[in-house]
Amino acid sequence: MPIIFTLKNLLEDHFIPEAKLMLITLLICLLLLGFFITRRTSRVVYLLDFACYKPPDAQKITKQYCSEKLKHMGNFSEETAQFMRKILDKSGHGDSTYIPEVFLKNDSDPFMKEARREIEMSVFGSIDRMLAKTGVRCEDIGILVVNCSLYNTMPSLSSMIVNKYKLKESIISYNIVGMGCTAGLIAIGLAQNLLQVHHDSYALVMTTEGITENCYAGDDRSKLLSNGIFRVGGAAILLSNRPSDHNCKYKLLHTVHTNRSSSDLSYNCIFQEEDEAGIRGVTITKDLFKVASTVIRSNVTVLGKQILPLSEKLRYLKNSIARKLRPTANIQPYIPNYSNSVEVFLPHSSGKPMLDALQKNLGFDEIAMEPSRMTLYRFGNTSSSSIWYELAYAEAKGRVKKGYRVWQIALGSGFKCSSVVWRAMRTVDYDEMNPWTDEIDEFPVVLDCDCDDGPLPYFSEHSK
């Protein structure tokens, strides 16, 4: 207060009106300058390009071969073998997905050496393609985020990449494990946050999963699902906050992460543990769909506030008010039509039942669901990297135009749900390194009727 009175007295007693105006203008400019200097501005994050790993043709398998191979890997009863065949028949897979090399051998003992080879092939194969596509030098990469849920080794996968590509000593690196199929989008969110504080940087995100050491050989049905649906895959994504990278593919618009691990039901619905015989596997309980429904609803509600058009928001608000004012009228909750908010929808291809539920509840048509269904058919569930094979499919089909919004959503153990929305900065042209390029004209395919005949067996009464 004394300072204000002093300035007031000076202005009134010693300055002519013009000088008063100049001083006031100067003070306002200084205040505004201080505000803009101290205000934390959000840096724009771009996606320069990405690359998906495409394994050698020698690693392709049919569902029949997979069924026979799984049968001979463990001491399975004929009843259990039949159960696994049902899982494969209803999985939504085609006959050209990929498995690790070790399972193609007669003596398929999953040694650590074989597990590391599987990871190295998918990680190095993805990064090599990404570097070739972008032309970015390894020494210019300042941030590295790697995610792989089940395969965890020492040194870490991030250290393995630093060593292979001789990244600089000041590299900021993170290794994310145990977060399931949503870990890839969590990694994008982490990289986004790091790019807010490290200017003029490139961030490499590597998302993959290891199968070799995590194939269940016991007789507990609640642990057999992972044997049937997971396949080899990986993707490398290069992000940037450099203003000069104007020729990038996408601009990051929104990231929404929902974590329901505080709920015991959510926490336990996907759980790695040993069975009664001491054999390690991943238990998936029949509560999965109930848990997934809850976490998806929470996630898309938050995202909807950011992406839904005003008309959909008003309809939702009107419905909410009516339900509160008339609780006995049995008014059904209004589900916004999210298909009006994005042009490309890419839900994680975890399995046909989950894709069907997302389609029904979010209002998307079959064309919108095509990238996810065809990725599940062609590559299987490659865990956290699946959403990138889906985006590659949309690009190969010429469905990504300049200005289009792309929504990726994935679920993972915990239980978690993550959504990421991008805006295409340009129309995506032909890409010879796209994993779909050589065969895109063969898709979409008509899915086998076995995939559409009732629910998957692992959600029956036999599930835990």
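Trainee: Is helix 7 mostly covered or mostly exposed, and how many of its residues are buried?

Mentor: Helix 7 is mostly covered, with twelve of its 15 residues buried. Buried means under 20% relative accessible area, exposed means over 50%, and partly exposed lies in between, with a 1.4 Å probe and protein chains only. Helices are DSSP runs of H or I with at least four residues, strands are runs of E with at least two, and both are numbered from the N terminus.

Trainee: What kind of model is this?

Mentor: This is a predicted model, in which local features need pLDDT of at least 70 and side-chain atom pairs count only at pLDDT 80 or more, while totals for chains, interfaces and linings use all residues. Residues are numbered from 1 along each chain as its sequence is written, and side-chain values use heavy atoms, leaving out hydrogens and water.

Trainee: Which residues of helix 7 are buried?

Mentor: Among them are A183, G184, L185, I186 and Q196.

Trainee: Changing topic: how many residues does the largest nonpolar core have?

Mentor: The largest nonpolar core has 93 residues, and L239, W388, W407 and W422 have the most contacts inside it. Such a core is a set of buried Ala, Val, Leu, Ile, Met, Phe, Trp, Tyr and Cys residues joined through side-chain atoms within 4.5 Å. Helix 10 (residues 288-307) gives the most to this core, namely eight residues.

Trainee: And which residues does W407 touch?

Mentor: Not counting residues up to four places away in sequence, W407 touches a set including V300, L303, Y338, F345 and F364. Contact means heavy atoms within 4.5 Å. V300 and L303 are also among the buried residues of helix 10.

Trainee: How do helix 12 and helix 13 pack?

Mentor: Helix 12 (residues 352-362) and helix 13 (residues 366-379) pack at an angle of about 165°, and their axes are 11 Å apart. That makes helix 12 roughly antiparallel to helix 13. Axes are lines fitted to C-alpha atoms, for helices over the stretch in contact, and angles run from 0 to 180 degrees between N-to-C directions. Angles under 35 degrees count as roughly parallel, over 145 as roughly antiparallel, 65 to 115 as roughly perpendicular and the rest as oblique.

Trainee: Which residues make the contact?

Mentor: Helix 12 contributes K352, L355, D356 and Q359, and helix 13 contributes E366, M369, S372, R373 and L376.

Trainee: Now the backbone: which peptide bond at F415 is cis?

Mentor: The bond from G414 to F415 is cis, with omega near 15°. F415 lies in the loop between strand 12 (405-412) and strand 13 (416-424). Another cis peptide bond joins F443 and P444, with omega about 5°, and P444 is in the segment after strand 13.

Trainee: What is the phi of K166?

Mentor: K166 has a positive phi of about 55°, although it is not a glycine. K166 sits in the loop between helix 6 (157-165) and strand 5 (172-176).

Trainee: Is K166 buried or exposed?

Mentor: K166 is exposed, because its relative accessible area is 61%.
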